[in-house]
Amino acid sequence: MGRRKTPALFGTQIRMMEINPMQYDKNRYKIWALPHPLILFWILNPVMIINELILGQRLPKVTLIDKESDAPFAERGYVPCPHCETLNDGRIWAKANALGHWFGFICPNCHQIIPCLWSISSYAVLAVTYPLWYFPVRFFRDRWIEKEKTRLAKVLERPLIQAVDVNWYLIGIFFWGGLMWLVMGVIPEAWNVLNGEEWDLMMLFVFELPLWLVTGFGWGLWMHFTMNKKGKGRR
Ligand SMILES: [Zn+2]
């Protein structure tokens, strides 16, 4: 019992040295899996607690980026299913279906769970708070997965998003920046007020709000260029 079972309910475990049984064409695909620097960045970044535990935004253990397509980056990512070996279009888990995947991604082909990563911080939080979530999660897990399947079916009915359709600046400023302001500024401040301090509105609105909105814009800028970066187009 205890920590060993902790991640098993979420269907994932961090195994740094895991050898994946699937073989990928390294000439055709860039493979994003540990220890790829971007994956390490995700795993080590403490902010991912918000993305993963609160929002349920996950990163699959393996992502393949097609090097030979000339499509924008956002349209070149594939998520391989280790169960049925289907290469799923990464955009299936974008936009309206980007969040809420606490138990991993559901494979559209075989409906099994495609394992995702947990950042180290989220993993630590999960381990420490284990008694709080173990029974609720056991109760809700299958129900949630059924919900995920319904949602997946809806996503598959519609055409997948195009990279140009996404306004990363607006998402960065209002969603990411706003959320960070709420979590890093408003909630701690509210906590202080509950403990008898005065509201520090100056700090909250004059300093922190612009700071997070600008940071959000920076994030949006980075996402915009990354997601639209064209492939080499050899095929
Ligand atoms: Zn599958």
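Q: What makes β3 and β4 a pair of strands?
A: Strands pair if DSSP finds at least two bridges between them, and strands are DSSP runs (E, at least two residues) numbered from the N terminus. Three bridges join β3 (residues 77–80) to β4, and the two run antiparallel, so they pair by that definition. In one of these bridges, V79 has N88 of β4 as its partner.

Q: How do you know where these values come from?
A: This is a predicted model, in which local features need pLDDT of at least 70 and side-chain atom pairs count only at pLDDT 80 or more, while totals for chains, interfaces and linings use all residues. Residues are numbered from 1 along each chain as its sequence is written.

Q: Why are β1 and β4 at the edges of the sheet?
A: The open sheet has four strands in the order β1-β2-β3-β4, with antiparallel pairing. β1 (29–32) and β4 (87–89) each have a single partner strand, so one side of each is left without a neighbour in the sheet.

Q: What makes a set of residues here a nonpolar core?
A: Its members are buried Ala, Val, Leu, Ile, Met, Phe, Trp, Tyr and Cys residues joined through C-beta atoms within 7 Å. Buried means that 20 or more other C-beta atoms lie within 10 Å of a residue's own (exposed: 12 or fewer; partly exposed: in between), with C-beta atoms placed from the backbone. The largest such core has 20 residues, and W42, F105, I114 and L117 touch the most other members.

Q: Which residues is W42 in contact with, leaving aside its neighbours within four places in sequence?
A: They are M48, L59, L117 and S119; contact means C-beta atoms within 7 Å.

Notes. Two residues are in contact if their C-beta atoms, placed from the backbone, lie within 7 Å.
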